[in-house]
Amino acid sequence: MGRCRVKTYILWVVSWAVIAIVLLMPPAVVVSEALKNGIGPALETLKDPDGIAAIWLTLEVSVVSVAVNTLFGVLAAWLLTKYLFPGRSALLVLVELPLSISPVVSGLVWLLLFGAQGWWGQALEQAGIHVAFAVPGIMLATLFVTLPYVVRTLVPLMEQQGRDAEEAAMLAGAGFWQILWRVTLPGARVALFSGILLTTARAMGEFGAVSVVSGHIPGLTETMPLHIESLYNGYQTVAAFTMATLLAAMAMSAVLLRSVPEWITRWREKQA
Amino acid sequence: MSVLIQNLVRCAPGTRKRLLNDVSLDVPTGAFVALVGPSGAGKTTLLRAIAGLDTCESGSLLLDGQKVENMQDRARKIGFVFQNYALFPHMTVARNISFGLDVQPRAMRPSQGEIAARVQELLDLMQLPDMGKAYPARLSGGQRQRVALARALATGPGLLLLDEPFGALDPIVRRTIRSWLRSLHDRLGLTTILVTHDQEEALEVADRIVVMQQGSIMQDASPEELDKEPATAFVMEFLGESATFRGVVQDGWFTPEEDGVLPFAVAAEIAPGPADAMIRPFEITIASADLVQGQTVPISSQGVRNGYRHYLARLKDRTIAVHIPDYTGENVLSESYGVLDISRARLFRDGKRYS
């Protein structure tokens, strides 16, 4: 018993030490660098128009990625779990491709397709549509990188739920959309919420793929991570770390929100 | 609602293996039919085909004489209870029950008040009057079962399909729900088709038993008929414990191969040749060794269970269970020798019954 407690204690100390060094220290350093000269100068840097543009662009890209990937993710997870069709397992693997490919590589692919020398680049350019080094390119790159999250959080849950509830709804006379809206999605709402927040966090923080297609035009095609890099390379340390603090706070609050449903259920259980 | 199935064939997806092999079944309005058979016999497949949850390669299905093509034709005419109930976990019991009414197009949908009244009526019918606000997770197995049944009945279907509805319940709840379901069926004037692998349950609750094996219907008969005249050796074995004696029919007599079993007279028109005599343990009697001629076998007593005295007769290569009603008082044997009288056996040849 005594020895067991000592082992538990050692494990506890080691885990917290690792978490402190690897996970807690970096954000702490970022915040302390940002506040090096006090909170006033830090807030002052946020008034820079390029910085504000970067924040807006990041929010826009996140909203579009979340909307598109939620819709796609729900339909893909539905297809993958409720139907058996040829190529199903191949599709399951393909959905995870963005997780295994380096974001830089996927960014390069978009450039290859839509760049001025790319396959479709010239034709689109003539039609007046700019993809590479413009906002649409950034959107595409982010969409690609964040595609797996909603699907991957939904699939295991929906697989475990099986088709019975949907079939019961069908026999009660519900149509396709009624089943999706009233039975499937509410049944998977916790996993869906979690997938959406993961997508949000990832979309806000994406650097590699966006960096390749963006062209780093300040005020136009710089998202927050890219802007942070520009500021840092330009020796504007306070501005860089302030922006970094803001970005980290946004992403972390998204991740923290994930546990809200869990708290709610726990609270409800206590009430009951 | 009557159900008429003609020559239904369904293959396992992507293969040519037949899950339903040319199945035809006629269920008149008001009937209570049980589909029984070992697992893999195709009972659930047939039930799902009637519900329209799976498509079939060929054959036709008529509900009340009308051909059904799609889900819309079936919706609200069929109530289906799933094996694991398939309640919607995120809805209250009341919302689960009213689901079939809630999803109706606005023009057809009853008012909120009417829906609430209908839900309460069903909750009362299910003996769950105060459970409307609870979530399914908080209910016991028997309560979930009744909520699933209430949900299936909410739209007032004429046909009730039940897939192993008692599978997950403990024996006492099973027995009460079983008789309660039967009375519900009679009271609401439903047509009910029930799938079960428990033949005793089927015999108790249904007017008609359909025995399935390997995707085909082996026999479709009333419980009495099935008990008296099983069509095949499989049906005989499936419906309860049985013993098989191999032997030969010759000159109007069946003579068993084994020693210690008495020959018995059979109908004269039965062609001579090898045959199997099948019999239930409670149909065998033991003749005392000093009353009959022939080789005797050792008989040992196994005690009394459910009003039957259980004995084991030790033949040359196997033992045969013999159950004798306790109240008869005769033939009380402890450790002794005797001969088995199997004259109440049914004769089968090549698996098919012929007497």
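Q: Which residues of α10(A) are buried?

A: In α10(A), the buried residues are A165(A), E166(A), E167(A), A168(A), A169(A), M170(A) and L171(A) (buried: 20 or more other C-beta atoms, placed from the backbone, within 10 Å of the residue's own; helices: DSSP runs of H or I, at least four residues, numbered from the N terminus). The model is predicted, with local features needing pLDDT of at least 70, side-chain atom pairs 80 or more, and totals for chains, interfaces and linings using all residues. Residues are numbered from 1 along each chain as written, chains are lettered from A and ligands numbered from 1 in written order.

Q: Why is α10(A) described as largely enclosed by the rest of the structure?

A: Seven of the eight residues of this helix, residues 164-171, are buried, so the rest of the structure largely encloses α10(A). Just after α10(A), G173(A) has a positive phi of about 100°.

Q: How many residues does each chain give to the contact between chains A and B?

A: Chain A gives 15 residues and chain B gives 19 (contact: C-beta atoms, placed from the backbone, within 7 Å). On the side of chain A, α10 and α11 (176-187) each give two or more residues, and α10(A) has the largest share, seven residues.

Q: How are two packed helices described, and at what angle do α3(B) and α4(B) cross?

A: Packed helices are described by the angle and the distance between their axes. The axes of α3 (residues 93-102) and α4 (residues 112-125) of chain B come within 10 Å and cross at roughly 120°. Their contact includes A94(B) and I97(B) of α3(B), and I115(B) and R118(B) of α4(B).

Terms used
A residue is buried if 20 or more other C-beta atoms lie within 10 Å of its own, exposed if 12 or fewer, and partly exposed in between; C-beta atoms are placed from the backbone. Axes are lines fitted to C-alpha atoms, for helices over the stretch in contact, and angles run from 0 to 180 degrees between N-to-C directions. Two residues are in contact if their C-beta atoms, placed from the backbone, lie within 7 Å.
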